[in-house]
Amino acid sequence: MQMPTPNDHHRALARLTGRWRGVETMHPSPWDPKGGKADGETESRVDLGGFAVIADYRQLKDGQVTYTGHGVYTIDPEGHDVVLHWFDAIAGQREEFRGRWDGDVLTIRSRSPSGHARLTYDLSEPDRMRSAMDMSPDGETWNRLFDGVYERVG
């Protein structure tokens, strides 16, 4: 039996790798009623024989860590969707996002008991990533949770 090898869909995930730092604008929400600015940092690497990108994220406000998360990005072998398995310090459980690249923009969505989430990564500029998350109770009406602009620092 021939062992599987990473394909172009897996290799596209490598665009997310590196050390990223940037400023996030948090919009008022149940998690952050006032909103405001925060610093975001992510370290991502290709792992598991090239089949996954593993990411560790933390958010800081006034030098204090306010949120942490861990993500494993893979590719669904059936439909070639990007699949993100996300774990964080708020929910304490796995949340699954799914979606696809459209050119330089990756959009992935999740649905959980608390509602819907839509996360985008725009990598259309060299060494810069723009990201945003929108939340919705019903999948129809969306509210912005945050916008971020990050620079690759390593």
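**A loop residue and its surroundings**

Modeller: D76 touches D81, V83 and R98, leaving aside residues up to four places away in sequence. Bear in mind that this is a predicted model. D76 sits in the loop between strand 4 (64–75) and strand 5 (82–88). Is D76 buried or exposed? The relative accessible area of D76 is 16%, and buried means under 20%, so D76 counts as buried.

Now the two flanking strands. Strand 4 and strand 5 pair in the antiparallel sense, over seven bridges. G71 stands opposite W86 in strand 5.

W86 leads on to the pockets. The largest pocket has a volume of about 940 Å³. Its lining has 40 residues, and W86 is among the closest to the centre, along with Y67, D88, M133 and L145. By type, the lining of the largest pocket divides into 23 nonpolar, nine polar and eight charged residues.

The second largest pocket has a volume of about 180 Å³. It is lined by 13 residues, and the closest to its centre are P30, W31, M135, S136 and N143. Strand 8 (115–125), strand 9 (128–136) and strand 10 (143–152) each supply at least two residues of this lining. Strand 10 gives the most, with three residues. The lining of the second largest pocket divides into six nonpolar, six polar and one charged.

How values were computed
Residues numbered from 1 in each chain as written. Predicted model: local features only at pLDDT ≥ 70, side-chain atom pairs only at ≥ 80, totals over all residues. Heavy atoms only, no water. Helix = DSSP H or I, 4+ residues; strand = E, 2+ residues; numbered from the N terminus. Buried < 20%, exposed > 50% of the residue type's maximum accessible area, 1.4 Å probe, protein only. Contact = heavy atoms within 4.5 Å. Pairing = 2+ DSSP bridges. 1 Å grid on protein atoms, 1.4 Å probe; cavity = no way out; pocket = protein on both sides within 12 Å on 5 of 7 lines; lining within 4 Å. Points joined across faces, edges and corners; volume = space filled by probe spheres on them. Nonpolar A, V, L, I, M, F, W, Y, C, P; charged D, E, K, R; others polar.
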